[in-house]
Amino acid sequence: MMQRLLTLLRPVQAYVAQLWKTLTVGWSDFWFTPVDPATLSVVRICAGFVVLYIFLSCAPERLNLIGPNAWIDSQAIGNLQQLGTESAEGTEEFVARWWGQSIWNHVHSEAAASALYWGLVAAAFCFMVGCFSRTANLLVLVGHLSFVHRSYVAWFGMDSILAMILLYLLIGPSGQAYSVDRWIRNWRAKKSDSPLPETSEDSWLANVSLRMIQIHMCVIYLCSGLAKLQGETWWDGTAVLRSLMGYELAPVDLRWLGNFSDVQLEWFSSLSVVATLVFEIGFAFLIWNRLLRPLLLVGAIGLHMGIATLMGLIGFGLIMITGCLAFVAPSSIRWVIGVLTEPKAASTEPALTETAPTEDVDASAELSGV
């Protein structure tokens, strides 16, 4: 009887062993398969551009944000840092202590504050063009966090997403392609008569960096969509229309929408709400499908370009598109750049979806095209 029972359990044992092997191999391939750093480098360029855009646009008001006599001055920051977690007298709300640290907290002259600010702008430019990429990346991350911690009132969702991308870019070799660092390495190799590699070396750190950005973007979209379900306007179908008609955000006059009939306006409002919720909640699950990925990326670009244009949230729209670039295959990146720079050399068009993996490459390594 025992022998028969053991015989019946052998398929179960084989299945468990195969399942464990598949999961472990798939996990390793997903995270640690070396990939071309082309995608990571393009994410670096776009993130650097966003940092430059933000800090140059804030330059006229820099002293009001991070100067010794800023709108939230040093004394106010000190008071925020000394607050306890107990509720204020006569209220039921808890006041959290402000934990943010900033290099501008230790600057007590306007000239020094401006010098640090322009130093951060210079570091952002070096980061964008890939000059001393990793050092510039670290300086920009520290400078960005110091800026939002010191200015206090200027911090919103875009800054958190930018900080996330800057942090994950530190993991991989973001300056290995499309950078001044790469150009210098090639110049030195040419000068010493060393062979020049046609492309950058594949790196498992580039894969880890991209995977972290991809997963974090999925979490952002999923949490954003689920959080919207808590709002009444997302249930009555008026959330998008209210946002578009808000004068404090919209740089474009959309009052012409009022010329629509009530039925047309209701359909537009309801469909835009449903489309937004379906896209944001579904993104975290559908983006891993190679066939649907191009459609989702096009949808993300359309959504965030619309937000940037119709609501004036340009920085937010640009950094969200930058995060979505982590899902683009390096072969597609190189093909597009090849067409733009050397059309004759880019004769082979990449497929919109990845081909099936070979027998010695696990399918999980192809999930995001990297």
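A residue counts as buried when its relative accessible area is under 20%, as exposed when that area is over 50%, and as partly exposed in between. The exercises below apply this and related criteria to a predicted model.

**Exercise 1. Characterise the protein chain as a whole: its burial, its secondary structure and the sequence range of its contacts.**

Step 1. Under the 20% criterion, 40% of the 370 residues of the protein chain count as buried.

Step 2. The secondary structure comes to 15 helices and zero strands.

Step 3. Consider the contacts between residues at least 6 apart in sequence: 76% of them join residues at least 24 apart.

**Exercise 2. Determine how helices H2 and H5 pack, and which residues form their contact.**

Step 1. Two packed helices are described by the angle between their axes and the distance between the axes.

Step 2. For H2 (residues 38–57) and H5 (residues 110–129), the angle is about 155° and the axes are 7 Å apart. Since angles over 145 degrees count as roughly antiparallel, H2 is roughly antiparallel to H5.

Step 3. The crossing in which H2 passes H5 is left-handed.

Step 4. On the H2 side the contact comprises Arg44, Ile45, Ala47, Gly48, Phe49, Val51, Leu52, Phe55 and Leu56. These meet Tyr117, Trp118, Leu120, Val121, Ala124, Phe125, Phe127, Met128 and Val129 of H5.

Step 5. By class, the residues of this contact of H2 with H5 divide into 16 nonpolar, one polar and one charged.

**Exercise 3. Describe the contact of H2 with helix H15.**

Step 1. The axes of H2 and H15 (residues 330–341) come within 7 Å and cross at roughly 65°.

Step 2. H2 contributes Ala38, Thr39 and Val42, while H15 contributes Pro330, Ile333, Arg334 and Ile337.

Step 3. Sorted by class, the contact of H2 with H15 has five nonpolar, one polar and one charged residues.

**Exercise 4. Locate Tyr53 and identify what it touches beyond its sequence neighbours.**

Step 1. Tyr53 is found in helix H2.

Step 2. The relative accessible area of Tyr53 is 32%, so this residue is partly exposed.

Step 3. When residues up to four places away in sequence are not counted, Tyr53 touches Ile314 and Gly315.

Step 4. Tyr53 and Gly315 are 262 residues apart along the chain, yet their C-alpha atoms are separated by 7.7 Å.

**Exercise 5. Examine the backbone phi values of Phe132 and Tyr178, and state where each residue lies.**

Step 1. Most residues other than glycine have a negative phi.

Step 2. Phe132 is not a glycine, although its phi is positive, at about 50°. Its place is in the loop between H5 and helix H6 (133–151). Phe132 is exposed, because its relative accessible area is 62% and the cut-off is 50%.

Step 3. Tyr178, also a residue other than glycine, has a positive phi near 50°. Tyr178 lies in the loop between H7 and helix H8 (180–191). Its relative accessibility is 25%, so Tyr178 counts as partly exposed.

**Exercise 6. Count the disulfides and explain why Cys126 is in none.**

Step 1. A disulfide requires a pair of cysteine sulfur atoms within 2.5 Å.

Step 2. With this criterion the count is zero disulfides.

Step 3. For Cys126, the nearest cysteine sulfur is that of Cys131, 4.8 Å away. Because the cut-off is 2.5 Å, Cys126 is in no disulfide.

Step 4. Cys126 is partly exposed, its relative accessible area being 26%.

Key: Residues are numbered from 1 along each chain as its sequence is written. This is a predicted model: local features need pLDDT of at least 70, side-chain atom pairs count only at pLDDT 80 or more; totals for chains, interfaces and linings use all residues. Side-chain values use heavy atoms; hydrogens and water are left out. Buried means under 20% relative accessible area, exposed over 50%, partly exposed in between (1.4 Å probe, protein chains only). Axes are lines fitted to C-alpha atoms, for helices over the stretch in contact, and angles run from 0 to 180 degrees between N-to-C directions. Helices (H or I, at least four residues) and strands (E, at least two) are DSSP runs, numbered from the N terminus. Angles under 35 degrees count as roughly parallel, over 145 as roughly antiparallel, 65 to 115 as roughly perpendicular and the rest as oblique. A crossing is left-handed if the near helix is turned anticlockwise from the far one by less than a right angle, and right-handed if clockwise. Contact means heavy atoms within 4.5 Å. Ala, Val, Leu, Ile, Met, Phe, Trp, Tyr, Cys and Pro count as nonpolar, Asp, Glu, Lys and Arg as charged, and the others, Gly among them, as polar.
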